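I opened the model to look up its aromatic rings. These are my notes, in the order I took them.

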Amino acid sequence: MTDTLIPNGCKTNGPVEKGSFKKGCNPFAQTGRSKLQNKRAVLNQQIIKQMRMRAGAENLLKATSNNKVREQVVLELSYVNSDLQLLMEQLEGLNSSVEVYQNLQETSSIPLIPLGLKETKDVDFAVALKDFILEHYSEDGSNFQDEIDDLMDLRQACRTPSRNPSGVDLLANYFSQLSFLETRFFSPTRQIGIFFTWYDSFTGVPVCQQNISLEKASILFNMAALYSQIGTRAERQTQAGLEDAIAAFQKSAGVLHYLKETFTHTPSYDMSPAMLSMLIRLMLAQAQECLFEQITLPGIRNEFFSLLRIAQEAAKVGETYSEVHQSMIQTPIRNNVPFFWTTMSELKTNHYNSLAHYFVSTALLDHQLTPSDDEDKQEKALSQLYDAMPDGRSPLDILKNKEERRKIGKAHLQRSIMGHEEAIRTYSRCRHLQKLDILSDILQAGLKRALTKFEQNDKEDEFTDYMLAPDIISKTEKKAEMESPAATKVKCKDLFQRLGPLSVFSAKQRWSAPRTIRLKLQDRDLGFTLKGDTPVQIQSLDPLCPAAAEGLKEGDYLVAVGDTECKWMGVSDVMKLLKDVDEEGVNIRVVSMLDSSSQPMPTKSATYGGLPKTYSMICLAHDEDDKNKSRKVAKKPSFLSWGVKNKQKSGSTLSLPNADFNGPWNRPCPTYPNSYNDSALY
């Protein structure tokens, strides 16, 4: 992907700026990543088609009492569920295709796992925003066509962001615009008819809501996904590349944490608290892995203290991946996370724990305590390696006894060999892992190295039972931590700033229609004074002045003097316009703030918070060819509530298909919930 403006030599309706693509976006880049995203979009459409068919069949099954019809419907349902299962397996395959995200120069590093971008459908803001501008702000919505076009182009560009900082900036810019948009156009007491549709990154299940919080949360998810792809792409054979990878994964975890803490009860399962917690652990584990690679990049000194330090660093990576694996196998996460992810985390747990045992064994077998060594320092280092010393021996006894060192060293080698063998068995269980030849080479090399070391220290006449080496205490000099990226708080220009200062001209305020007042001097006095910042307000109004007689009121906001808009002008600037008023006077336009409590509330419904219902995607989602056709929307019986903290929003979602990822061919046929709004999933 490119991060600069590329000349646009082809015809397109995509996001362009003066014949070039927006910075951070190139929808025509034919990369492996873009091809995967295109396949994901096609699969999402096929999944929603099958889910509509299933919903229709279930409704028919409930409505008919004819036994022959019911038998036929049950048969058709089995076919539809089978097709859905196959589509889910294809989507799982896309989420498991990590090789296309890796750096092409990588030949000796274990592949990392990126997040795939959430897909969405086009949104037409034009009609709804124009109507709202006319109704709420009493201005001609067609005058804001350029701003609406810029907003739609920006959203379209966010569907194909570049895999670099420019792509992140593009998403951050749109996220900031959504905050402006929410304040200006999305009232807490009414809906304006804009539907946002996003597909679950893991299951492909669509969610459609009028709540702009769904849009904001999905953009944040894609921002975290893009950071993970940047980290995966980094060149991990250089210090600079590893620094980039560490920063990217820590920022990805920070964005996911911000998403988890800011938006609650999200209707899409890939943004549920349990799933986000697992993804945060995964990003931090991969950052910790890159920190380990950064420490070992210059090489590992074959020295006692250095080997013990590297062993504890490797144990730390194994520990973090063990936590990731434990969270992945919990229900219902295990039913939605690709089997490839689960096996990869298990494999890395065994691999890095095996490395830790190998380094400890090397330190004990290759380095004997000599009179020139610092005995106290070695004793302290060894005592900090275990929770409990092997066989209850003291650290100093182990260091001074050559046979005891060899015995414990061989025990660690045994655990290293068993761990590598388990990692290789895990590798063979997943067909997607088997596509990664570099991974097989790394595991086989680790096993061969441990076996060679064991043979070198094995005695033919030794028949004693080997002891079980104790676990190694994990320790790191630098722990991977979440980093809150500045991109979530980027400053940008409000596209609709011509409507006036956001603190005053917002969707939650109600306004009268603009009134034209003829302003004339009386004894060189206007009859009022001005106050406030922007826009200015009328105060100290003389009730007997000509302006008051024409309808000017105390507290009115002055929005124009003559033909000059002054919503963004302060008192001094407005006074400059009024100081030249002659005897004929000048026209001014003012608006009055109305009492918001007098605004009629919407009819109460079954959703939380008394807000209007939103509808299931089974009713609203349709193909692009039919998007201009009107459809009758049927209401669903149950709904979910979600939104930002301390706010209750209406919401709905489709049911999530449930599958057991024990293997692509041996898994049982999944059972699907009957309702498209299964609240038990949350």
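I started with Arg 498, which lies over the face of Phe 144, at 4.3 Å from the ring centre. A charge counts as over a ring if NZ of Lys or CZ of Arg is within 6 Å of the ring centre and within 35 degrees of the ring normal. Lys 118 lies likewise over the face of Phe 221, at 5.7 Å.

I noted the ground rules: this is a predicted model, where local features need pLDDT of at least 70 and side-chain atom pairs count only at pLDDT 80 or more, while totals for chains, interfaces and linings use all residues. Residues are numbered from 1 along each chain as its sequence is written, and side-chain values use heavy atoms, without hydrogens and water.

I looked up confidence next. The chain averages a pLDDT (the predictor's confidence in each residue, from 0 to 100) of 79, and 77% of the residues score at least 70.

Then I turned to ring pairs, and found 13 aromatic pairs in the structure. Rings of Phe, Tyr and Trp (its six-membered ring) pair if their centres lie within 6.5 Å; planes under 30 degrees apart are stacked, over 60 edge-to-face, the rest tilted. Phe 132 and Tyr 137 have ring centres 6.1 Å apart and planes at 70°, so this pair is edge-to-face. Phe 185 and Phe 496 are also edge-to-face, because their planes stand at 80°, with centres 5.1 Å apart. Both Phe 185 and Phe 496 are buried (under 20% relative accessible area, 1.4 Å probe, protein chains only; exposed is over 50%, partly exposed in between).
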